Amino acid sequence: MQKILVTTDFSDKSKAGILFAIQLASQSQLELTFFHTYRIIATNAWNFTRIEEYEQEEEKIVLKNLSKFVEKMYKKLNLPKSNKNLVIKNAIDTQRSIMDYAAENKFD
């Protein structure tokens, strides 16, 4: 099965790519992975424990937002959700993060 990495920044412009990927996957055997990078900036006034807690809280929020965003696209096309994964990554360099993840996981 081919693996397709579908990136999004939650913008209206990224919806077109997501919709295309979902339609393509509905017509063939494709595994979709929806990928979003984000950046967490913590204040220097926090201790290490508070920074870790904040990062975990933000990670949950970002993953929930990605899930909702992708679900809306499936609903828009009236298609069942299948063969999809959700991945988020805290990164400074979005492009490098995407390229590294795609290479490490051997996406088509």
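Let me start with what covers the buried residues of α2: the cover includes α1, β2 (30-38) and β3 (84-90). Helices here are DSSP runs of H or I with at least four residues, strands are E runs of at least two, and both are numbered from the N terminus. The buried residues in α2 are Val62, Leu66, Ser67, Phe69, Val70, Met73 and Tyr74, where buried means under 20% relative accessible area with a 1.4 Å probe, protein chains only.

This is a predicted model, in which local features need pLDDT of at least 70 and side-chain atom pairs count only at pLDDT 80 or more, while totals for chains, interfaces and linings use all residues. Residues are numbered from 1 along each chain as its sequence is written, and side-chain values use heavy atoms, with hydrogens and water left out.

Now the helix pair. The axes of α1 (residues 12-27) and α2 (residues 48-77) come within 10 Å and cross at roughly 60 degrees; axes are lines fitted to C-alpha atoms over the stretch in contact, with angles from 0 to 180 degrees between N-to-C directions. That makes α1 oblique to α2, oblique being whatever is left after under 35 degrees (roughly parallel), over 145 (roughly antiparallel) and 65 to 115 (roughly perpendicular). On the α1 side, the contact is made by Ser14, Lys15, Ile18, Leu19, Ile22 and Gln23. From α2 come Phe69, Met73, Tyr74, Lys76 and Leu77, contact meaning heavy atoms within 4.5 Å.

As for the whole chain, there are three helices and three strands, running β-α-β-α-β-α from the N terminus. Buried residues make up 28% of the 108 residues. The C-alpha trace spans about 50 × 30 × 20 Å along its principal axes.

Key:
Buried < 20%, exposed > 50% of the residue type's maximum accessible area, 1.4 Å probe, protein only.
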